[in-house]
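Please keep the sequence and the structure in view while reading.

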Amino acid sequence: MSIIDEAQIIEALATVLDPDLKKDLVTLCMIEDIRIESGNKVSFTVVLTTPACPLKEQIKQSCIDAVKSHVPEATSIEVNMTSKVTSSCDHHHCNHDRPLKNVKNIIAVASGKGGVGKSTVAVNLAVSLAKTGAKVGLIDADLYGPSIPTMFGLVNAKPEVVDKNIIPLEKFGVQLMSIGFLIDTDTAVIWRGPMASSAIKQFIAEVDWKELDYLIFDLPPGTGDIQITIAQTIPLSGAVIVTTPQDVALADVSKAVSMFRKLNVPLLGLIENMSYYELPDGTKDYIFGHHGGEIFAKVHGLAFLGSIPIDRAVREGGDSGTPYVLDHPDSAPTKAINQAAMEIARQVSITNAMQTEELS
Ligand SMILES: Nc1ncnc2c1ncn2[C@@H]1O[C@H](COP(=O)(O)OP(=O)(O)OP(=O)(O)O)[C@@H](O)[C@H]1O
Ligand SMILES: [Mg+2]
């Protein structure tokens, strides 16, 4: 027979706020499967909006504290943490025909400037998110220099085509699609303007993703027709801007920020890549200037998602076909990437919650 009843547990958990969504866990429907065994052994499940939640431990502890203080009769409290990723398609984007069904959130990784490390960051973010348990895909649509085949060691791989749908390849827990798997890049170089845009549109529409929580879109450099086509063709949950400390001084990065703002794509934040080089004695050499990205983020009202240092192994990871974060789990660049990945997942959850609220 239960001494404690479910209503007491609900009441206790209704005092715990999600720090980001600023509402209690009961109102947010984040509590499931409350059980009371032997009268006073309590267990329940907290359903987060992402497995990459940086506040997971904090929320878990707050739940334990709340039950302890409101229901002192509880002799044991077991909290199971799980997640169900929310979708940007729960709100306005879904009103139009979705070219990417099965995909909950699409995140563009962009920069107005070439060579700042977009692909490196996109690949490692994808792997980092997948390691948290999220279902992740990665796509590039760079007709003139696709990166995914090389960076995943799949240069000669060809995806299957079933009923005119292209089936993504899968490696390191990430579903992968690159325009480089399908076309000969020497041919593509002659495509320009509308032809390139329509090839990309067709390519995006024909990929048959298995369920995805996050699809990372490694955008080609620039802010021209192709980038605008992509941002208008697919419902982006948001964009992440990548820059080096030096390149923020250039108009290109500001142009990318303005482009997304004009297209009403939420900006999830800025990552500074190649921030510094760590010397053997541990001191940091800020080769391309100090804090450029952080200052730029502040000036443009963007969240600063972190700094990734220059590291020879990051470059080698890109060339060898094994993404860096897999081989160097405890290094400074991996820590920065993991943190940025969690922060991006968090911003996506917040954006989705805000937009769903606006609709209701
Ligand atoms: N933090 C880093 N440390 C060392 N090398 C890096 C780092 N980030 C990127 N690189 C290297 O810099 C080069 C450019 O990176 P990458 O291809 O990711 O840039 P990009 O912005 O995607 O370029 P593009 O504009 O051509 O698409 C690559 O050789 C990559 O391995
Ligand atoms: Mg690239």
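Aspartate 65 counts as partly exposed, because 14 C-beta neighbours lie inside 10 Å of this residue, and the class of partly exposed residues falls between the limits of 12 or fewer for exposed and 20 or more for buried. The model in which this was computed is a predicted one. Aspartate 65 belongs to helix H2, which covers residues 56-70.

When neighbours within four places in sequence are left aside, lysine 23 is in contact with Leu17, Asp18 and Leu28. Proline 194, by contrast, has 10 C-beta neighbours inside 10 Å and therefore counts as exposed; this proline lies in helix H6, which is made up of residues 193-205.

| Residue pair | Separation in sequence | C-alpha to C-alpha distance |
|---|---|---|
| Aspartate 65 and threonine 356 | 291 residues | 30 Å |
| Lysine 23 and proline 333 | 310 residues | 34 Å |
| Proline 194 and isoleucine 226 | 32 residues | 8.6 Å |

**Domains and overall build**

The protein chain is divided into domain 1, residues 6-83, and domain 2, residues 88-359. The C-alpha centres of these two domains are 34 Å apart, and the contacts between them join eight residues of domain 1 to twelve residues of domain 2. On the side of domain 1 that touches domain 2, five residues are nonpolar, two are polar and one is charged.

Across the protein chain there are twelve helices and 14 strands. Its radius of gyration is 22 Å, close to the 21 Å that the globule rule gives for 360 residues, so the protein chain is as compact as a globular protein of that length. Taken along the principal axes, the box filled by its C-alpha atoms is roughly 75 × 60 × 35 Å. Of the 360 residues, 45% are buried, and among contacts with a separation of 6 or more, 76% are between residues 24 or more positions apart.

**The nonpolar core**

How many residues does the largest nonpolar core contain, and which of them touch the most other members? This core has 93 residues, and those that touch the most other members are Ile107, Val109, Ala126 and Ile216. The core lies between domain 1 (6-83) and domain 2 (88-359), because both domains give residues to it. The surroundings of isoleucine 216 can be given in detail: apart from neighbours within four places in sequence, isoleucine 216 is in contact with Ile107, Val109, Ala122, Leu125, Ala126, Val136 and Leu138.

**The shell around ligand 1**

Ligand 1 is surrounded by 20 residues, of which Gly114, Gly117, Ser119, Thr120 and Pro221 are the closest. By class, the shell around ligand 1 consists of seven nonpolar, nine polar and four charged residues. At least two residues of this shell are supplied by each of four elements, namely helix H3 (118-131), strand E12 (267-278), strand E14 (304-310) and helix H10 (312-320).

Conventions. Residues are numbered from 1 along each chain as its sequence is written. Chains are lettered from A and ligands numbered from 1 in the order in which they are written. This is a predicted model: local features need pLDDT of at least 70, side-chain atom pairs count only at pLDDT 80 or more; totals for chains, interfaces and linings use all residues. Domain bounds come from an automatic or database domain assignment. Two residues are in contact if their C-beta atoms, placed from the backbone, lie within 7 Å. Ala, Val, Leu, Ile, Met, Phe, Trp, Tyr, Cys and Pro count as nonpolar, Asp, Glu, Lys and Arg as charged, and the others, Gly among them, as polar. The radius of gyration is taken over C-alpha atoms; the globule rule is 2.2 Å times the number of residues to the power 0.38. A residue is near a molecule or strand if its C-beta atom, placed from the backbone, lies within 6 Å of it. A nonpolar core is a set of buried Ala, Val, Leu, Ile, Met, Phe, Trp, Tyr and Cys residues joined through C-beta atoms within 7 Å.
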